[in-house]
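Subject: Structure handover

Hi,

Here is the structure for you to look at. My notes come after it.

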Amino acid sequence: KWLEGLLPAKGPRKTLYSEGNKKMRNKIFAICHTMGWYVKKFDGSLVIHEGKPVLDFVRINTFCIERGPGHKRLNQYSESELPALVTVFERLSKSTKSYE
């Protein structure tokens, strides 16, 4: 009985990878694409994978930890916290005049 109490409640539940979370994370990734947050080689050229530049997830997570409302990595934000993080990224993209 005690162990059963530790199990999550039956029925639909929201996980870190629910559809709502996926959409909000994809929006953050799109904003990062517009700002040019890509992995770069030592010579300054972009790292390309399958014909596309690779997003710099170290930079994204560092930003989320330092400037995000929850001060944690992107994948640790819950569905209720992600809208505030999306707003932070939107404001950043609007305030950024020159893209790297």
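This is a predicted model: local features need pLDDT of at least 70, side-chain atom pairs count only at pLDDT 80 or more; totals for chains, interfaces and linings use all residues.

Residues are numbered from 1 along each chain as its sequence is written, and side-chain values use heavy atoms, with hydrogens and water left out.

Helix α2 covers residues 19–35. Helices are DSSP runs of H or I with at least four residues, strands are runs of E with at least two, and both are numbered from the N terminus. Its buried residues include Met24, Ile28, Phe29 and Met35. Buried means under 20% relative accessible area, exposed over 50% (1.4 Å probe, protein chains only). The buried residues of α2 fall within an arc of 160° seen down the axis, so they line one face. The arc is taken over directions from the helix axis to the C-beta atoms. Glu19 and Lys23 are exposed on the face turned away. The buried side packs against α3 and α4 (82–95). Just after α2, Gly36 has a positive phi of about 75°.

In α3, Ile60, Asn61, Phe63 and Cys64 are buried. Val58 and Glu66 are exposed on the other side. The buried residues of α3 pack against α2 and α4.

Asp56 sits in the loop between β2 (52–53) and α3 (57–67). Asp56 is buried, but has no salt bridge. That would take a side-chain nitrogen of Lys or Arg within 4 Å of a carboxyl oxygen of Asp or Glu. The nearest side chain of opposite charge, Arg59, is 5.5 Å away.

Best wishes

Technical notes: Lys and Arg count as positive and Asp and Glu as negative; His and the chain ends are not counted. The expected span of a helix is 1.5 Å times one less than its number of residues. Contact means heavy atoms within 4.5 Å.
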